[in-house]
Amino acid sequence: MKKTIKKLLALGLCLVMSVGLLAGCSGGNGGNTTEKEGSNEKASTESGSSDTASSDDTQQSSADSGTLKLAVTTGDGSTTDDKIPTPWYNRIFSTNLMFRSLFTTDSTLTEVNPDLAEGYEVSSDALTYTITLKEGLKWSDGEALTADDVIFSINTALKTATINSIYTAAFSKISELTADGNVITVKLTTPYSDIMKVLTQFAILPKHSLENVDPLKLDSDVFWQNPVTSGMYALDELKVGNYFTLKLNEFYEGTAPKITKVINYFVSDYITAAQAGNTDYMYANAADQVELMKVLDNYKSHEVGVLFYKYFIFNMKGVDGKENEAMQNVAVRKAIMKAIDRVSLSALYPNATVLNSGVPNNYEAYNGFEYTFDAEEAKKEIIESGYDVSRKIKICYYNNDQTSIDLINMIVYYLEQAGLTVEATLSNDGTTDLFTTRDYDIGFKGKAAFSLNEWYTEYISSDALFANIFGGDTAFDSLIDELTSATDQNATNEALKKLQELEQEKAYKVPLFTVGTYVFTNSRVTIPDGVTFCNPLYSCDINFTNWEVK
Amino acid sequence: MSSNALKSGLQAGNKNGSTSLLKKKLRKFLNNKLALFGLVVVIIMTLGCVIGAIAGVDFKTPDIKNLKSAPSSLHIFGTDTIGRDLFSRVIYGGCFSIFIGVFCSVMSSIIGTVLGAISGYFGGKIDKFIIRISEIFQAFPQLVLVMMIVAIVGERGLKNLLVIFVITGWMTTYRMVRNEFLSVKGETYVKVSEAFGMSKSRIMFGQILPNVMSPIIVSTTTNVAFFILQEAALSFIGLGVADSTPTWGNILNAAKSVSVVTNQWWIWVFPGLAITLFVLAINFLGDGLRDVLDAKQQ
Amino acid sequence: MFKYIVKKILMMIPMLVLISMIVFFGLQLTGIDPINFMVSPEVLSANKDNVDALRESLGLNDPVIVQYFRWLGNCLKGDFGYSFDGASISSILAVRMPYTLELAGYSLVLSAILGIGIGILSAIRQNGVIDYVGRVLAVLGQAVPQFLLGIVLIQIFAIKLGWFPSGNRVSPDAASPFIDAVQHLFLPVLTLTIGMVAVLMRYTRNTMLDILNSDYIKTARSKGIPEWKVYLKHGFRNAMKPVLVIVVFRIPMLIGGSVVIESVFSYPGIGLTMTNAIVSGDYPVVLVTTLIVAAVMLVCSFMIDVFNALLDPRVRLSE
């Protein structure tokens, strides 16, 4: 009898232990939640949940204009759910509200209008730019925003690792960067026509918070858990793994926006967030997503003009001379393009337009060349080229969404019809995998280009990435210089035409089509008249001050 | 008396009633409607898949004009996101899924049984050693293994998955067999066999194993279902078999796209139903077998 | 008894070290360059020198052995290192572990209550209505792939009906943390529970049947003890022992299941962290999360041993 009691005691102890474990963790969690009790209360009086929002709003509509909900996706791997994403990589809606650039631009990303800067002047040789900063600018912590911050940001951008290459490509042309009071002088080594456009995107970061941070690890610094901002909003609360909220930046010098609070949910999937009403703004460029969003009648769709390329890269050789023999014959590469019916494939994407070079067919600069689909011809050309059809062609792709998988499956099918054996692999990364293993023949990529020039600057022989794929071929270099330094439309078109011919002759990088991008806004948001959205990965003026939420 | 004579002597007792016992068990099984249902479904689905695959159903030609078309007389399950016939895909994918389930569960049962027998019968250091190994395998997250092997081999192939499922799936059978052996090895007939100098492997596999066969058969059966579900789950996280090999899990993967879930029910309902039905049937079958084979419930 | 437990616990240390070695060297074998995941390809192209400097500063150029022991040394000091995206792993764990424990804990409790309850009822009324309905429903729950169940539940309860949030764990505008927690946990816990009830229910039913058919129950009945007392005092109490073992046995499966469920519900727990780390090649995080899962598994199997030893005198503790 005693024994049983002992056993029962032991059992009981185990149970108590496990209950304690549970209690411990839920207790810890309770602590977390109480910590932010204060902001909770504020949140519920300001907006409440979406169900009760209407009643709250009627009471408060005079005071403020409700809460805007945004979604920050962690599904694409470029952002994580434990910090504010850096504005130096993609400029997403949430960070656009927090960080400003020297200038702002319109939906075509070509205009240059004042933002942090009042204005600028260019010398006649297009080598010297003088930029005048506005007076009395302040960061969200009350510190003054000065020319020092601008110079610090540009210099740091050249040293950091995670940054969009449009900045490094432009800033590497800067030979001298000086400040005198609030006047900044930028001197270039060669003319760079896009420099001001690039500055409309480049977010200025606070020197006083970041000067002691290793630039290489800048994007992972604790700064991003509570950033000092220059925009209309400052961070209110970051709840790791769940959301971050924004409040008005009291030091913002412009007109305060009508929307006083923004909630950014970390989501793995935009569509579910939209369906659940957790985001008032989202964008999509896959057919199934666009189709679904158009069905939701509480969302309004806006088509956006974006150069979103879907393209192939043939894995040629590295600068070390290591070759991928199978793809060396240009006839094989061209035959592969001939085997794929791109017109049919474009049905998988919304508003996809087949294109034959980096220049869309409807541009003036387009040279008229076409890759036509002819399955029989392709089959013949592959045999004539002497390519061993029993050898597996390896394609790698890195987008894991259904549309990309569908597209790849279709391409595999077309190539098999042309008599080839094909294997498609989902890789972690569509570009570096090409040369780190040199095991793949073709990489499938997507690129939302800032401008046409960005497509062509990838060919430059000093490009550390693509040099490893195109073997550091220098054939493009002089033409690319001609393009980036061209100051008028004629010279640009001239350079583009020459580049297209070279591009089509080499067939290293072959575009399939550009795909349409749509921005969707919830109907509870009132957007002022005349607003046009730009490429959702960049920043432009959308008159946010006058947005309202019902 | 030779060991042969002993064996026949030992078996004689069983044999007397064996035919009537078999009949009784068969009747009991046939009376279990769920188990019978399970058996019939498993047989029909397996045969259907195999026959379909041999007949060469076209599971891979996309039809760009009939993307996502609803079930019709032309495509009785409809077509998928790139216009391939879903019926053919479910049939063809079934072959792979069922194969994965059966192969992995049989292989892992064999490994588990052999190791369990050795461990339980010999005990001592060997037992301790194998137990440690099994604990390490048990503790190792399958996901990480899959990821490492995929990265090392460089492809998401069927072979990888089979290897991983087998090496991470034998531990439950192992523990079960070991425990059975531990409790059985003290029984008189084992002692008698040992006394007559029967070889150890014969005692283990000839004498003791038949007595613990029932739970092994039952767990092998239900494991088939487990592995099929595992495959589907791995596909969902993106670590399953490559897309060019259709499996039920791969086909069901389309349910990742919210638009498919809401607008094209047939794309995920049919493969989902196939998995569910098959797993259900296997479980009923396993339950029935347990009822029949379990001596305690005679 | 005490000696046995201490010995068992000490055994876990070399096993964990072994597992960490397997993962560490295995990850090296994969040949994945973590730099590729830290820095986007577009960036790699522009700043090769910076990237090389970063590699050096992370110690990625040292021999593997050196890297392993440096890592192990830091771990022993309680410093799990940093994720490749810069967050301290200890702080990642501090935020995400409680979330996963909540999810797994509640699922375990709920499925145990449901599974054992239905199991006992179906054993008492074998082949009755409850037995059939319970068995079919339970097995059906186990037969539907968990992620599909999760997706469908989200579509119905979060999107169509709007009763529950579609993901995450905490919402910014919650009136009460408790209601908020219930709302966020309900669907994922339900999904995990549905998948687990079947096994527990079946096992309970079979154990209960064994016991109800056993001699001492028959003796008890013949003595004229009331039926409910027979069930409760003799049946239930004896059936509970093996069933509890099975409940503990479920924990590893629960962890496997929560990895998938967390990514379906974008629930910010350890499972999601691990999946993301695996997909993005974030070694340090893969290593530490693997070790945590391994440790949980080892503790479970240790608990099973202890339970077995307590419940079954035939298994000697000295083994």
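What follows is a walk through strands and helices of chain A and then through the annotated spans of chains B and C.

This is a predicted model, in which local features need pLDDT of at least 70 and side-chain atom pairs count only at pLDDT 80 or more, while totals for chains, interfaces and linings use all residues. Residues are numbered from 1 along each chain as its sequence is written, chains are lettered from A and ligands numbered from 1 in the order in which they are written, and side-chain values use heavy atoms, with hydrogens and water left out.

In chain A, four strands form an open antiparallel sheet in the order β4-β5-β7-β6, where strands (E, at least two residues) and helices (H or I, at least four residues) are DSSP runs numbered from the N terminus, and two strands pair if DSSP finds at least two bridges between them. The edges of the sheet are β4 (117–122) and β6 (174–180) of chain A, each of which pairs on one side only. Inside the order, β5 (residues 128–133) and β7 (residues 183–188) of chain A pair in the antiparallel sense over five bridges, and Thr132(A) stands opposite Val183(A) in β7(A).

Elsewhere in chain A, β15 (residues 392–397) and β16 (residues 421–426) pair in the parallel sense over six bridges. The chain passes from β15(A) through helix α14 (residues 402–417) of chain A to β16(A) in a right-handed β-α-β crossover, a term which means that, with the strands pointing away from the viewer, the path from the first strand over the helix to the second runs clockwise. Within this pair, Lys394(A) stands opposite Glu423(A) in β16(A).

For chain B, an unreviewed UniProt entry lists "transmembrane region" at spans including residues 91–124 and 265–286; such positions are given in the numbering used here, feature names are shortened, and annotations may be inferred rather than shown by experiment. Residues 91–124 of chain B are 97% helix and 0% strand, with end C-alpha atoms 49 Å apart, whereas residues 265–286 of chain B are 100% helix and 0% strand, with end C-alpha atoms 31 Å apart.

For chain C, the unreviewed UniProt entry places the feature "transmembrane region" at spans among them residues 136–161 and 181–201. Residues 136–161 of chain C are 88% helix and 0% strand, with 27 Å between the end C-alpha atoms, and residues 181–201 of chain C are 100% helix and 0% strand, with end C-alpha atoms 27 Å apart.
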